[in-house]
Amino acid sequence: YESLVRKFPGYEFFFEHEIRAMCQAMRSFDTYEYKYDRALNRVGHKEMDSIVYDTFVGYYTVFAYLNEADRGNLRDEEATLAVNLYVRVPCGSFSYANFQASAILGVSGTVEALDDRDWRILKGYGIDSYTNMPSVYGPSNFKFMDQHNQCPIQLCKTQEDMFVVIANEVTEKTRAGRAVIVFFETPAMLEKYKATSHFRTLAIKHVLSEDMEVEEREFVIKKAATGKQATFASAIFGRGTDFFCSDAKLQEAGGVHIIQAFFSRSRCEEVQIQGRTARQGQKGTYCMVLLRKDLDNVFGIKESDVTDVPPVTLYKKFCEARRRVNAAKHDEVKKDLQAATERDQLSRKYFGALLRGNAAAAATVYKDFYTLCHIGTQSGKTKFPRHIVFCLGDSKSMAGQKATDLRAAFNNFLRVRMEGRNERDVVSVV
């Protein structure tokens with residue numbers, strides 16, 4: 001450390017913060033999930049529904065290489081470590097929103113799902129011309145509110161009730177020769193359903209999870225749109241996954257049936273999930289099975305608002321509640337954009353000083369940039385305050401030295417946060 005500071009005078013702020021980041025990554029390394037590919041000799045991590053090997057997750061990835069070296073797994077260990085063990089120096093953060101492009105072109109399947117605020121934001125960037133292209137496959141055969149003998153929205157009081165409804169829906173549809181794909185909001189909820197007897201008793205079933213190998217995932221996707229097949233997935237697979245049906249008997253039975261076990265915060269996500277059925281002119285249906293508690297917690301929809309309400313009116317109420325929630329989200333986006341603009345301006349200023357060969361100016365601007373992005377605002381306040389909740393045990397098993405160590409760790413944590421100028425944190429102790 002002393003050698004580094006002597007070699008790079010004036011950059012103590014950088015090394016101190018990076019060493020803190022290393023220590024934090026080391027202490028919580030066991031929580032980092034990664035995959036080592038010996039053929040590539042690279043450490044990768046999960047991003048969306050795949051594994052990426054060309055990015056680092058702070059110092060966690062660095063420690064992952066050391067971990068694999070300890071296990072004797074690395075090929076050409078010395079050379080591999082030499083390439084991957086280094087202090088990471090962030091040099092810029094550029095905002096796409098500030099590129100000021102002369103033309104912006106795009107294609108989207110969810111343009112019609114944007115709300116008024118989305119349209120205003122797009123217009124602010126000069127995106128004001130749109131063309132809707134009809135499907136080459138003709139009118140859609142997608143059915144939601146207009147299904148025959150099917151309730152499009154089912155509300156459940158408890159999680160167990162919801163799991164029962166899903167199981168009954170899957171059983172009914174698969175017995176009729178249909179294929180069913182169920183989308184849960186999170187992998188954790190998917191795992192909860194997998195642990196139930198409702199899942200275990202299903203005869204033909206597959207699960208789409210984010211940690212599957214590519215070949216296995218492609219197999220499950222290919223099998224999903226076949227008759228009498230039930231597939232369970234997290235929401236991420238509702239965006240762009242091609243569950244194409246080539247089963248003629250399945251089409252005769254009514255096509256793929258989609259069950260969405262949550263109400264999307266984004267209308268665009270909902271449209272994407274709906275689009276996993278009735279593809280390319282084929283038949284397909286869709287319904288929602290929702291937990292009342294989630295509707296209240298996320299969207300503020302009370303039970304009295306949805307009691308004895310017909311599905312069409314119910315759905316309108318849900319959409320209105322979603323618009324209210326997203327209005328607050330748009331305000332957060334504006335704040336994020338302001339912060340991104342400030343980082344972008346400092347980055348451009350830093351690179352400008354480098355290009356002019358002005359080392360002193362570059363060093364000054366870099367400190368402002370690094371402080372803003374990684375330590376706090378230039379005024380010393382934390383940019384992103386956190387609400388930290390401690391659940392501390394007070395049972396007999398935690399008495400004596402354990403209790404002393406726990407209090408010491410708690411006090412040390414507060415000290416470290418304060419030293420990092422995080423005085424705007426909120427700390428709750430339970």
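Helix α15 (residues 359-375) holds both Tyr 366 and Phe 369, which sit three residues apart, about one turn of the helix. This is a predicted model, and its atoms place the two rings in an aromatic pair of the tilted kind. Tyr 366 has a relative accessible area of 4%, under the 20% cut-off, so Tyr 366 counts as buried. Phe 369 is buried too, with a relative accessible area of 1%.

One aromatic cluster includes Tyr 366 and Phe 369, and among its other members are Phe 8, Tyr 11, Phe 94, Tyr 350 and Tyr 370.

How many aromatic pairs does the structure hold? There are 32 of them. Another one to look for joins Phe 144 and Tyr 286: their planes stand at 80°, over the 60 degrees required, so this pair is edge-to-face. It links distant parts of the chain, 142 residues apart. Phe 144 lies in the loop between β4 (141-143) and β5 (153-156), while Tyr 286 belongs to strand β10 (residues 283-291). Phe 144 and Tyr 286 are both buried.

Here are the two pairs side by side:

| Pair | Centre to centre | Angle between planes | Kind |
|---|---|---|---|
| Tyr 366 and Phe 369 | 6.2 Å | 45° | tilted |
| Phe 144 and Tyr 286 | 4.9 Å | 80° | edge-to-face |

Rings can meet charges as well. What sits over the ring of Phe 199? Look for Lys 205: its charged end is placed there, 5.2 Å from the ring centre.

Conventions
Residues numbered from 1 in each chain as written. Predicted model: local features only at pLDDT ≥ 70, side-chain atom pairs only at ≥ 80, totals over all residues. Heavy atoms only, no water. Phe/Tyr/Trp six-rings, centres within 6.5 Å; stacked < 30°, edge-to-face > 60°. Helix = DSSP H or I, 4+ residues; strand = E, 2+ residues; numbered from the N terminus. Buried < 20%, exposed > 50% of the residue type's maximum accessible area, 1.4 Å probe, protein only. Lys NZ or Arg CZ within 6 Å of the ring centre and 35° of its normal.
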